[in-house]
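This briefing accompanies the sequence and the structure shown here. Please keep both in view while reading the points that come after.

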Amino acid sequence: AEDEFVWPWMVVLANNVTNYDPNCRKYIGKSHKKIKEELYAKGFQPLKVTALWNIRGQTPFVIVAFGKEWDGFNNALKLERSFEAEQCGKRDYVGLRERGDKLFGWMARADDYNSRDIVGKHLRENGDLKTVSGKEAEDNRKALKLVSGLANTLKQKNMELEQTASKYAEANVFLNRVMNQKEEMLEHFNKEISKMRNAERSYLENMSKDHEKAMLELEARRKELSSLEENLQKRQADNHNERNKLYLEKKNNEMAIEEQQRADDKMMRLAEEHQKEKDKLHKKIHDLERGLDAKQALELEIERLRGAFHVMNHIGETDLEEKKKLEAIKMDLREKEEQLEGVEDLQQTLVIQERKTNDELQDARKKLITWIGCPKNTSRVTISVKRMGELDIKPFMDASKRKFPDEGNGKAAHRKLADERRVKAIQWCSQWDGYLRDPSWHPFKIVTDKEGNSKEIIDETDEKLNSLRDELGDEVHDAVATALKELNEYNPSGRYPVPELWNFKEGRKASLKEGVEHLMRQWKLSKQKKA
């Protein structure tokens, strides 16, 4: 029959000589630590050595445990054979009456397990009986169960991968559709803007021609009145009423010229203000600026017509021809105002379309940020997600190395110093992260450039930032200043980091197109690896 061994594998040591100790009033022998050291010195590797005790003290028996693995079985078997080679096995122990102080040992088997002494009790409490073939069969069953479990897990992971690929394909179709809609809207918008610019150019040309024509008419009228005045002076007319009438007409003509001149000056000022407004809007929203240009051109045209209308009112309805001109100006003014209303309606429609498109692109950008996620290491990526306003701990680690230099006192001291540096850097970083989230701390000042635009910049005179530079250096100061700028730009009200699609290679905000191309490349790489 096949031998049954105690499992976990154990070796019984016997004849551990004990002596009575009057101090503790018990029998004391070699300790389990001493026995374990001796076994290690001989090349054996026991996991645990247990000396057996009873009410009288330490017994001569010691149990050596070698664990549950096959390496422990081989190690225990080698220990048994070493005792047999020295004639200190179980047979020798049983057969000898005078054993001296030699230590005997053997592997624990069924007879030891079933014995009624302290050895059998310990073995039954801490192990079971198993044959070698039975243990091998049990290990094989566990291995087959593990392989089956891994196969099921692999099958489930493959199904999850297919579902992820399907979701990715749907997202890709959605993004392509959004991009195509955006291109179509931009093309349509550009065509409308081109039409509006042509209309604006035509309005300005007509306005210039009308202005020149009005000036020529006024100049001809002035010369005509001057000629009449000269003729009346030569004839020395004594008709007082005619002279007064001529004088009033001259004054009205001068007032009309002055009114026209004021209207011209006002028109030039409006044109200059219009040009400045165009330049400012061009920097902010290029598309809407073109629509405003057409609207402002119509306003200038209406203003000019109103000036001409005032001029004709000052001249008065002296004859039928002047009355017809006044009516024509009224009709033209009414037509221009209707055109202005049409331009304003078109502009409002374009603004609504632009906002709707921008909302759709922002939703797509947020989904793309969620899919890509934040990288663990940004040194090897080009397009990924960056948490704007989050402090970088690396400058704090460098500062802690400078604050606590390595004095070279051994490996243990070096490890302790490295832990202290790491803890200190984490404390500094956490402290300044709390400062960044404090809305009452706002170290910014407002400056105005040459063009009259205002913007916020870091206040270099801030005491807290200057004390940080003095204490931890420029790198930590720059890291905190960068996080401040990012929070002020991306989340000034909440003061907590927000994710943003980022081009780490060029150090700038990535476009939606770059993010989609990056996601496509990652998907293709995953397909190639799977294949």
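What follows is an overview, and then notes grouped by topic.

The model is a predicted one. The protein has 531 residues, of which 32% count as buried, and its secondary structure comprises 14 helices and 13 strands. Among the contacts in the protein with a separation of 6 or more, 65% are made by residues 24 or more positions apart.

**Aromatic pairs and the Trp-9 region**

- The structure holds nine aromatic pairs, and one of them is formed by Trp-9 and Trp-70, whose rings are tilted, with 5.7 Å from centre to centre and 35° between the planes.
- This pair links distant parts of the chain, since Trp-9 is in the loop between E1 and E2, whereas Trp-70 belongs to helix H2 (residues 70-85), and the two are 61 residues apart.
- Trp-9 and Trp-70 belong, with Phe-5 and Phe-73, to one aromatic cluster.

- Lys-130 is located in strand E8 (residues 128-131) and counts as buried, because its relative accessible area of 16% is under the 20% limit.
- The face of Trp-7 has Lys-130 lying over it, at 3.7 Å from the ring centre, and the side chain of Lys-130 is also joined to that of Glu-138 by a polar contact of 2.7 Å.
- Leaving aside residues up to four places away in sequence, Lys-130 touches Asp-3, Glu-4, Phe-5, Trp-7, Lys-135 and Glu-138.
- Elsewhere, the charged end of Arg-99 sits over the ring of Tyr-93, at 4.0 Å from the centre of that ring.

**Salt bridges**

- The count of salt bridges comes to 19, and one of these joins Lys-142 to Glu-138, with the closest N and O atoms 3.5 Å apart.
- Lys-142 and Glu-138 are separated by about one helical turn, because they are four residues apart in helix H6 (residues 132-235); of the two, Glu-138 is buried at 18% relative accessible area, whereas Lys-142 is partly exposed at 49%.
- Arg-387 forms a salt bridge with Glu-390, in which the closest N and O atoms are 3.1 Å apart, and here Arg-387 is partly exposed at 32% relative accessibility, as is Glu-390 at 44%.
- Asp-433 forms a salt bridge with Arg-437, the closest N and O atoms being 3.0 Å apart; Asp-433 counts as partly exposed at 22% relative accessible area, and Arg-437 counts as partly exposed at 39%.
- A network also occurs, in which Asp-3, Glu-80 and Arg-109 are joined through salt bridges that share partners.

**Backbone features**

- Most residues other than glycine have a negative phi, and most peptide bonds are trans.
- The peptide bond that joins Trp-7 and Pro-8 is cis, with omega about 0°, and Pro-8 is found in the loop between E1 and E2.
- Asn-15, although not a glycine, has a positive phi of about 70°; Asn-15 is placed in the loop between E2 and strand E3 (18-21), where it counts as buried at 15% relative accessibility.
- Arg-25, which is not a glycine either, has a positive phi of about 60°; Arg-25 lies in the loop between E3 and strand E4 (26-29) and counts as exposed, because its relative accessibility is 66%.

Notes. Residues are numbered from 1 along each chain as its sequence is written. This is a predicted model: local features need pLDDT of at least 70, side-chain atom pairs count only at pLDDT 80 or more; totals for chains, interfaces and linings use all residues. Side-chain values use heavy atoms; hydrogens and water are left out. Rings of Phe, Tyr and Trp (its six-membered ring) pair if their centres lie within 6.5 Å; planes under 30 degrees apart count as stacked, over 60 as edge-to-face and the rest as tilted. A charge sits over a ring if NZ of Lys or CZ of Arg is within 6 Å of the ring centre and within 35 degrees of the ring normal. A salt bridge is a side-chain nitrogen of Lys or Arg within 4 Å of a carboxyl oxygen of Asp or Glu. Buried means under 20% relative accessible area, exposed over 50%, partly exposed in between (1.4 Å probe, protein chains only). Contact means heavy atoms within 4.5 Å. A polar contact is a pair of N or O atoms within 3.5 Å; within protein, one must be able to donate a hydrogen and the other to accept it, and residues adjacent in sequence count only if both atoms are side-chain atoms.
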